[in-house]
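Visitor: I would like to learn how to read the features of a model such as this one. Could you take me through it step by step?

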Amino acid sequence: MKSFAIFAALPLLAALVHAAPTPAAVEARQFQAQITFFGAAGASFSMSVPTDGSGFTISNPLSISSISSEGGASCSFFGIDGSSTTVVGADSAFVGPPQTQTSGSCLAL
């Protein structure tokens with residue numbers, strides 16, 4: 001009876017081990033998101049940012065009216081006057097009211 005239980009459990013254990021994400025799979029999801037910040041009169045700047053959920057600082061003082069992402073991540077940005085703007089995937093979002101962005105974070109989809 002014990003040997004039957006052991007042999008019955010082996011396929012279950014094999015399935016669990018196979019389902020666990022490998023370090024390479026986790027690393028493959030991590031990339032740099034390409035973000036562009038747009039201000040008035042055609043002014044803009046771009047940043048490559050991590051997609052591991054860590055926070056990053058935005059040091060450009062340009063007042064931003066919209067933010068665009070090339071995709072692959074969900075990103076949140078925070079302004080100097082309290083704005084919170086989220087861009088999901090390949091999309092853009094307006095910042096209201098326009099203001100300097102101070103920080104953000106992105107997570108790979």
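This is a predicted model: local features need pLDDT of at least 70, side-chain atom pairs count only at pLDDT 80 or more; totals for chains, interfaces and linings use all residues.

Visitor: How many residues does the largest nonpolar core have, and which have the most contacts inside it?

Guide: In soluble globular proteins, nonpolar side chains tend to be buried together. A nonpolar core is a set of buried Ala, Val, Leu, Ile, Met, Phe, Trp, Tyr and Cys residues joined through side-chain atoms within 4.5 Å, where buried means under 20% relative accessible area, exposed over 50% and partly exposed in between, with a 1.4 Å probe and protein chains only. Here the largest such core has 16 residues, and I35, F37, I67 and F77 have the most contacts inside it. Two or more residues each come from β1 (32–38), β2 (44–50), β4 (63–69), β5 (73–79) and β7 (92–108); strands are DSSP runs of E with at least two residues, numbered from the N terminus. Counting a contact as heavy atoms within 4.5 Å, and leaving out residues up to four places away in sequence, I35 touches F45, S46, M47, V49, I67, S68, S69, C75 and F77.

Visitor: Which strands pair with β7, and in what sense do they run?

Guide: Two strands pair if DSSP finds at least two bridges between them. Strand β3 (residues 52–57) is joined to β7 by four bridges and runs antiparallel to it, with F56 having G104 as its bridge partner. Five bridges join β4 to β7, again antiparallel, and S66 is bridged to F94 there.

Visitor: How many aromatic pairs does the structure hold?

Guide: Rings of Phe, Tyr and Trp (its six-membered ring) pair if their centres lie within 6.5 Å; planes under 30 degrees apart count as stacked, over 60 as edge-to-face and the rest as tilted. The structure holds three aromatic pairs. In one of them, the rings of F37 and F45 have their centres 4.7 Å apart and their planes at 15 degrees, so the pair is stacked. The rings of F56 and F77 have centres 6.3 Å apart and planes at 65 degrees, so that pair is edge-to-face; it links distant parts of the chain, with F56 in strand β3 and F77 in strand β5, 21 residues apart. F37 and F45 are buried, as are F56 and F77, and ring pairs link these four residues, F37, F45, F56 and F77, into a cluster.

Visitor: Is Q99 buried or exposed, and what does its side chain reach?

Guide: Q99, found in strand β7, is buried, with a relative accessible area of 3%. Its side chain reaches the backbone nitrogen of G82 at 3.3 Å. Beyond its neighbours within four places in sequence, Q99 is in contact with residues including L62, I64, D81 and G82.

Visitor: What is the relative accessible area of S74?

Guide: S74, in strand β5, is partly exposed, with a relative accessible area of 26%. Among the residues that S74 touches, not counting those up to four places away in sequence, are T86, V88, S105 and L107.

Note on methods: Residues are numbered from 1 along each chain as its sequence is written. Side-chain values use heavy atoms; hydrogens and water are left out. A polar contact is a pair of N or O atoms within 3.5 Å; within protein, one must be able to donate a hydrogen and the other to accept it, and residues adjacent in sequence count only if both atoms are side-chain atoms.
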